[in-house]
Amino acid sequence: MSLFTPEFGLVFWMLVVFLILFGILAKYAWPAIVRMMDERADFIDKGVEYAREAKRDREKAQEDAKDLLTEARKQQLEVLQQTERLKREMIAEARKAAENEAKQVREAANLSIEQAKREAELQLRKQVASLSLQVAEKVMRKDLATDKNQMELIGKLLNELENKE
Amino acid sequence: MKNDLKYILLTFILLVGTLTAGAVGLAATGVSGEESQQVEDELAVRVDSVMQQEEREDKAFDPKRTIFEHLGDEYGWTIIGKVTIPLPVIVRDNGGEWYFFSSSRLADGKTYKGFHIAGEGAYEGKIVGVDATGDEYRPCDFSITKNAFSVMISGLITMLIVFSLVRFYKRKKFKAPRKGMGGLEMIVEMLYKEVIVSVLGKESKRYAPYLLTLFFFIFVSNMMGLIAVFPGGANVMGNMSITLVLALCTFVVINVSGTKEYWKEIFWPDVPMGLKCPVPLLPVIEIFGVFTKPVALMIRLFANMLGGHLIVLVLISLIFLFSVMGQVVLGVTAVFSVLFAVFMNLIHVLIGFIQAYVFMLLSTIFIGLARVRKVKS
């Protein structure tokens, strides 16, 4: 039966077909397929690794951001405090300057008042002196008309001088 | 889930269809000119009339002959009845002259250039020439027979399938293939990663092309054998010549890649002296083993594939054998035979895959065994 006894022609053709098939597939197909499969597997592995790294980076970045935020908040607080202090200082300084200014103005005013006062006094004294001179003149004119009166006055003045000493 | 069911149903319908066509073909080998039919009951009635006609012509149905006709090789590719695809006949006669002609010239027992297809006898169904003394002799026959042609078709389809995957990879480098291509890639990956790499390790790149070609060629041929009509239907892997070539290739690959350690284990194994010195008992067994390995591969594949075809053909033949018992029996037999044949064919799909896998797996393991290195103790 031909099923059990190998037929030479069929063996020949089968060998030819199989070897050609093997030759073509071994040269152009299987290495490419195996390489592509490996490459894709590598690619996927890399992708997973990359994703893991990215996740790690993101977590780190989040932590960094949090740190940064607290730092910033701290600095803000500090700056605020500083400004507060500065403000207070500035106000104090301004007040002090104003006080000084006021003091100076007051002093200057006092001085001028004093001066005016003195001048006024001087003038008054001059006037008083001249007035009293005039009065004295008039009185003298009237009273020193008689010797008696002159004598009395001289005595009075002398008494006064004595009393003073 | 719904999709799966759809596919299963489709496969079932296709198989029933092809089987029915096959049954009609079987009927048509007995009686020519019959039209093909689809519905089984109609078929049964028709077959009954065919059988009656046959009885009238005194030509009883011979299941054994019909089955082996279907399993065996032929010079043209009979599709149905007398419809035959002619294939080239290439022969060399005793005088060393080559002849090349169409197989249609030898149809119906015709003689062409001194050659004809032998009837009963040692060369039954083969091309024979007649020598000077009038005796039949077998010429050197390189004809592209049905099986040779089928092998070529299977080779082409294998190439088509594999290159479709290569093209996919070239076009969409880092995309995962879907659907059919995904299944194909899954098979390749399973064979490569699970079998070849795990057995051969670093050397897998060197042997993978051979082993993968082996698997896909056997698998495609098996699947083609399940299709009852033209491009398939040939009993390729159930033919000893074919499996012989595959086993021979594996034999060559195994022994060419054998290491020094491998040959030492065969001729001078590490056993007590008594077992190998005066009488080389173990070396003889080992040398025997070198040949039995590929022979076992050859027989396993051949017997499995032949068995599948045989069961289906026998089941279909039952219809014709029971037809003499009346129409009711015939109808019932037809329904049950076809159902069982479909069932067997579905199992045969599984067997076709498993046998291709086993052939490849064992080839891988044998190559792995031939690549032994001395274990450093």
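I started with helix α3 of chain B (residues 63–71), where B:T66, B:I67 and B:L71 are buried. They sit on the same side of α3(B), because they cover an arc of only 130 degrees around the axis. The arc is taken from the directions from the helix axis to the C-beta atoms. For burial I used relative accessible area: buried is under 20%, exposed over 50%, and partly exposed in between (1.4 Å probe, protein chains only). Helices (H or I, at least four residues) and strands (E, at least two) are DSSP runs, numbered from the N terminus.

Before going on, I noted the ground rules. This is a predicted model, so local features need pLDDT of at least 70 and side-chain atom pairs count only at pLDDT 80 or more, while totals for chains, interfaces and linings use all residues. Residues are numbered from 1 along each chain as its sequence is written, chains are lettered from A and ligands numbered from 1 in the order written, and side-chain values use heavy atoms, leaving out hydrogens and water.

Next I looked up the sheet. In chain B, three strands make an open sheet in the order β4-β3-β8, with antiparallel pairing. Its edge strands are β4 (98–102) and β8 (140–141) of chain B, each pairing on one side only. I count two strands as paired if DSSP finds at least two bridges between them. Strand β3 (residues 88–92) of chain B pairs with β8(B) over two bridges, in the antiparallel sense. B:R92 has B:C140 in β8(B) as its bridge partner.

Then I went for the aromatics. Rings of Phe, Tyr and Trp (its six-membered ring) pair if their centres lie within 6.5 Å; planes under 30 degrees apart are stacked, over 60 edge-to-face, and the rest tilted. Searching the whole structure gives 21 aromatic pairs over all chains.

I picked out A:F8 and B:F142, an edge-to-face pair at 5.6 Å centre to centre with 80 degrees between the planes. This pair crosses between chains, from helix α1 (residues 8–143) of chain A to the loop between β8 and α4 (146–171) of chain B. A:F8 is exposed at 54% relative accessible area, whereas B:F142 counts as buried at 13%.

I also checked A:F22 and B:Y210, edge-to-face at 5.7 Å centre to centre and 85 degrees between the planes. That pair crosses between chains too, from helix α1 of chain A to helix α6 (residues 204–226) of chain B. A:F22 is partly exposed at 26%, and B:Y210 is buried at 6%.

Last, I found one aromatic cluster made of A:W30, B:F215, B:F216, B:F219, B:F353 and B:Y357.
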